[in-house]
Amino acid sequence: MGAALEITDLTLRFGGVLALDAVDLSVASNTVMGVAGPIGSGKSSLINVLTGHYPAQGSVCFQGRPIAHLTPPERARLGIVRTFQTPRVYRRMSILENMRAALHATRHLFQGPSARRREDAHLRDGLAVFGLDHVAHELPDRLTQFELRLLEMARAHVTGARLLLLDEPAAGATSEEARQLSRAMTEHLIPGRTVVLVEHRIDLLRALCTDLVVLQAGRKIGFGTPDSVLARPDIRACLMGDPVDA
Ligand SMILES: Nc1ncnc2c1ncn2[C@@H]1O[C@H](COP(=O)(O)OP(=O)(O)OP(=O)(O)O)[C@@H](O)[C@H]1O
């Protein structure tokens, strides 16, 4: 299995803060790389560098192609798609139009006869997969926080995402909601995609990830299968406060 994402010597500074410190990482195609670490360890910075929103030193290759020089829209068109820790929506647009905006951002366009009808059907199928089809024409403020998280996933799902960057998809969820989100990711979002999953919940990382990288103060301090990494006492101490035993 080839590497979909190859990161070498990635370094990001904010003044005197080293948010990412010479990070190397290789993510195989169609696998899930978990990213864990304490608050402020660089997890979101890594996602922002991969989307092109934070300029960093070092090299990033996606499917064998250097992408460090590409803008965020150019990366989106390659199929690099993210979700947010706090779901972001266009509040004055219907849920269906929010889905359409995500689709168009990746230039995953329908063309030819009855393009609009086929596009609508594609978007509604995506909503149905995440149990949201019945609110397609409502505004997003109709949704609970949990449903907004499902909408984030539905939006990512209908795009042509090939590399999916999930930033704490279960933040603030109850245990039951986290289980439902985990199931939705396993059944619908992850299959056929390469995924980078930033998450504090160790139970989710164990359930979803092929490999796990642990960051501390911007440095990679652990890498391997979730079980092997989480068995290390120093990693457990570093992640103290996260539910390691879950
Ligand atoms: N836009 C920014 N400007 C200045 N400093 C920043 C910025 N973004 C992140 N940092 C700093 O970079 C470091 C890494 O932050 P980052 O948000 O990547 O951590 P994190 O692991 O995602 O934390 P959390 O678990 O709270 O989401 C922190 O010291 C943070 O204060």
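In the predicted model, the shell around the ligand is made up of F14, V17, A19, G37, I39, G40, S41, G42, K43, S44 and S45. Two elements, β2 (17-28) and α1 (43-51), each give two or more residues to this shell. The largest contribution comes from α1, which supplies three residues. By residue class, the shell around the ligand comprises six polar residues, four nonpolar residues and one charged residue.

The predictor assigns the complex an ipTM of 0.96, together with a pTM of 0.92. The protein chain has a mean pLDDT of 92, and a pLDDT of 70 or more is reached by 97% of its residues.

The protein chain contains ten strands and nine helices. Its C-alpha trace extends over about 55 × 40 × 35 Å along the principal axes. The radius of gyration of the protein chain is 18 Å, which agrees with a compact globule, because a globule of 246 residues would have a value near 18 Å. Buried residues account for 40% of the 246 residues in the protein chain. Among contacts in the protein chain with a separation of 6 or more, 69% are between residues 24 or more positions apart.

Conventions
Residues are numbered from 1 along each chain as its sequence is written. This is a predicted model: local features need pLDDT of at least 70, side-chain atom pairs count only at pLDDT 80 or more; totals for chains, interfaces and linings use all residues. A residue is near a molecule or strand if its C-beta atom, placed from the backbone, lies within 6 Å of it. Helices (H or I, at least four residues) and strands (E, at least two) are DSSP runs, numbered from the N terminus. Ala, Val, Leu, Ile, Met, Phe, Trp, Tyr, Cys and Pro count as nonpolar, Asp, Glu, Lys and Arg as charged, and the others, Gly among them, as polar. pLDDT is the predictor's confidence in each residue, from 0 to 100. The radius of gyration is taken over C-alpha atoms; the globule rule is 2.2 Å times the number of residues to the power 0.38. A residue is buried if 20 or more other C-beta atoms lie within 10 Å of its own, exposed if 12 or fewer, and partly exposed in between; C-beta atoms are placed from the backbone. Two residues are in contact if their C-beta atoms, placed from the backbone, lie within 7 Å.
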